[in-house]
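Visitor: Could you walk me through this one? I'd like to start with a single residue and then move on to the chains.

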Number of protein chains: 4
Amino acid sequence: MPRFSETKLETIREERKIQIMKAAIKVFAENGVKLTKISMIAKEAGISHGLVYHYFQSKEDVLYESLEWAVALGETQDFLEKLKDDNSLSPVEKIHTFTKFALTSGSNQVFRVIQHLENSKGVPSHIHELYTNVGEVYIEFFIPIFKEGQQVGEIIEGNTEELVELFLSVISGIMADDPNWWNDNIEQKVTLLSRMITLR
Amino acid sequence: MPRFSETKLETIREERKIQIMKAAIKVFAENGVKLTKISMIAKEAGISHGLVYHYFQSKEDVLYESLEWAVALGETQDFLEKLKDDNSLSPVEKIHTFTKFALTSGSNQVFRVIQHLENSKGVPSHIHELYTNVGEVYIEFFIPIFKEGQQVGEIIEGNTEELVELFLSVISGIMADDPNWWNDNIEQKVTLLSRMITLR
Amino acid sequence: MPRFSETKLETIREERKIQIMKAAIKVFAENGVKLTKISMIAKEAGISHGLVYHYFQSKEDVLYESLEWAVALGETQDFLEKLKDDNSLSPVEKIHTFTKFALTSGSNQVFRVIQHLENSKGVPSHIHELYTNVGEVYIEFFIPIFKEGQQVGEIIEGNTEELVELFLSVISGIMADDPNWWNDNIEQKVTLLSRMITLR
Amino acid sequence: MPRFSETKLETIREERKIQIMKAAIKVFAENGVKLTKISMIAKEAGISHGLVYHYFQSKEDVLYESLEWAVALGETQDFLEKLKDDNSLSPVEKIHTFTKFALTSGSNQVFRVIQHLENSKGVPSHIHELYTNVGEVYIEFFIPIFKEGQQVGEIIEGNTEELVELFLSVISGIMADDPNWWNDNIEQKVTLLSRMITLR
DNA sequence: CATGAATGAGCCTTCATTCAT
DNA sequence: TATGAATGAAGGCTCATTCAT
């Protein structure tokens, strides 16, 4: 006889899962998936390693669900939404703001996990599908902004899609590095990165 | 009585070692050190896993000697030397040439290995020493070139050392990514990267 | 929420360790350290080889802790203590009693392990320290007994220390042999050994 | 077309085998059979490890033939023969002389190999047969000597066979120990051992 | 639900043995 | 005959996963 209502129980269970998934994303981001041991996730979450298997079928499942959850959670999505609607910023300012966010926000853990996966072999296809088009989302998001920037003369001419892809690729490459290095002089550094695509 | 002359045997032995080290650097670059299994190196080199241990003491030793060999081999060193003495190129052209080389040359496998190591914990100190100042070499190499570029008005003002560090950091971040992505449109992409630090 | 109280778990854990250490000492004694495989210890203890590593860091650690435990356990120590205080026995009777004990007591497994180690190369120093002065203890213990025996004319004249050392050396050599051979006619055999040092 | 006569070749081959067998017995004695590596024998013999397999089928065969050769060679046999015929020595003096020889002669390497084998499991039966009755030979040899000693009142009464067995067992146990320990004060030590069975 | 004891597949490493030269 | 390069079976150790409590 359950003490709590099904819903309540479900909630508690869900909270535990989130606790584990948070820990998992963090540890996966820092160490890569293969090198992350279940015990590391458990320790980060403050639970025993056995408990992980009450909430997830396997390590692969932890990865799948954590990634799914983190992507859907979409801190970055929210950020992009707000950015899109913020008419007080010029296209280049939007790009600048995003870049700063990407390099400093803790939410970039998800990206680092994805990067590890992209550099790995044998990633199960159902996991691969989770992030295979994440990049597309960003590209789609930035194309109109870049286009506008080109129209108002803030951004250099050329194939917009290629420009976006390249810019995001650079950001992405940087994020894989030591994430703390970018905390100093972030403004200046981001400005430099912006120079790649800005006119003046 | 051996059929081979000492010299011949020595040659075979040396060639085998090189064959293994080449394979090792490649596999280490692709998978990272921890995830590289001796059997993967052996397979890549086309030999049995046991043979690796005729030429090296341990996996750690394979890493150490391979790295030492690849660094000393110095394709990049040679490239830098020639670049330095090439008076037909302006500072920005030199940087452009180097960037292209860094992103396309097969020799960047070594850098990818080093990047994996820098993101790893528990790297033995004697291995760490092998690459701890490799970065410095590049910085020292580029500072005078950047300085000259600043004097002739090709490169933006600002703290030269910081500029160099940032630029190399971006290149380095990119190299960790899929190394093939950069093969298309390399000229255009490198030009874009150069824009970060060039005046116009 | 764990079903076991902390104490209960701790007890189980301790019992398992002891179970493994008992098995280890037995197998080490029979086969020597180098030739003892973890799987042999595991089989003797009735567990899987993996479990050994839940309780010990390595094979070396199994050896170290088992030896430390067995030495500290000190069945022999206890025996010596009681022997020392037993005033009903003459010096020669004490020696006789000890000899019988040494050759028949199951506790001589520890000695056999130590003997294997003494005949081995490359024993880690922290392990070596565990038994390096065990011999001294016996010598120190028997010197006064032998001295008394000499005074009362039970034991032959001569350098007491050398006499003790020689006698113990013989006992020790015998213990390395098939320990069951000595079970038959033990009284007679021990009497014969005693003759080495007794007067009549 | 052979350069040498068959006989000559055979001789050379035989000498090589002996060179290897000498090395094998030495290394087997020091390290035990299982812990002796083919490379250790080769090094001791001053040849390459591959060459061992030109003269012997396997490590087991090296052991078998070496043991067979060493036992048949019979330095000890010769010694015993001479001892038997030496009428200038009393029974106890003969035993004393033998004991000294056993503990100091380099020929005791064979015994140490045999002792290692007796403490081992899984010794092939054809090898076991080589030494299974070596002990018997000694017992048979000493029984008449002990008997004579008892008759002339040099040696204590009792079951002669048991007495011999025990005495040899003690000698054998001692030989397994550090063989150098017995080099100092050998006379005194042997005298002490003799006391086990002598009347006075 | 929660813990950690228990298992076994898999990787690093050693070494007996084979074989090209 | 002689060498040492080459192979692969087996043992030490790790860690994902299961399960008794």
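**A residue and an interface**

Guide: Leaving aside neighbours within four places in sequence, T160(C) is in contact (heavy atoms within 4.5 Å) with I143(C), F146(C), K147(C) and Q150(C). This is a predicted model, in which local features need pLDDT of at least 70 and side-chain atom pairs count only at pLDDT 80 or more, while totals for chains, interfaces and linings use all residues. Residues are numbered from 1 along each chain as its sequence is written, chains are lettered from A and ligands numbered from 1 in the order in which they are written, and side-chain values use heavy atoms, with hydrogens and water left out.

Visitor: Is T160(C) buried or exposed?

Guide: T160(C) is buried, at a relative accessible area of 9%; buried means under 20%, exposed over 50% and partly exposed in between, with a 1.4 Å probe and protein chains only. T160(C) lies in helix 10 of chain C, residues 160–176, where a helix is a DSSP run of H or I with at least four residues, numbered from the N terminus.

Visitor: Switching to the interface, how many residues of chain C and chain D are in contact?

Guide: Chain C brings 34 residues into contact with 31 residues of chain D. The area buried between them (accessible area, 1.4 Å probe, that two parts lose on being put together, summed over both) is about 2,600 Å², with carbon and sulfur atoms giving 54%. L166(C), L192(C) and R195(C) supply 23% of what chain C buries against chain D, more than any other three residues.

Visitor: And which residues form the salt bridge with the 3.3 Å gap between chain C and chain D?

Guide: K121(D) pairs with E30(C), the closest N and O atoms being 3.3 Å apart, and the rule (a side-chain nitrogen of Lys or Arg within 4 Å of a carboxyl oxygen of Asp or Glu) finds one salt bridge across this interface. Helix 1 (6–31), helix 10 and helix 11 (186–195) of chain C each supply at least two residues of the side that touches chain D, and helix 10 gives the most, with ten residues.

Visitor: Where in chain C do E187(C) and K100(C) sit?

Guide: Their side chains meet in a salt bridge at 2.6 Å, N to O. The pair links distant parts of the chain, E187(C) being in helix 11 and K100(C) in helix 6 (residues 91–104), 87 residues apart. E187(C) counts as partly exposed at 38% relative accessibility, as does K100(C) at 29%.
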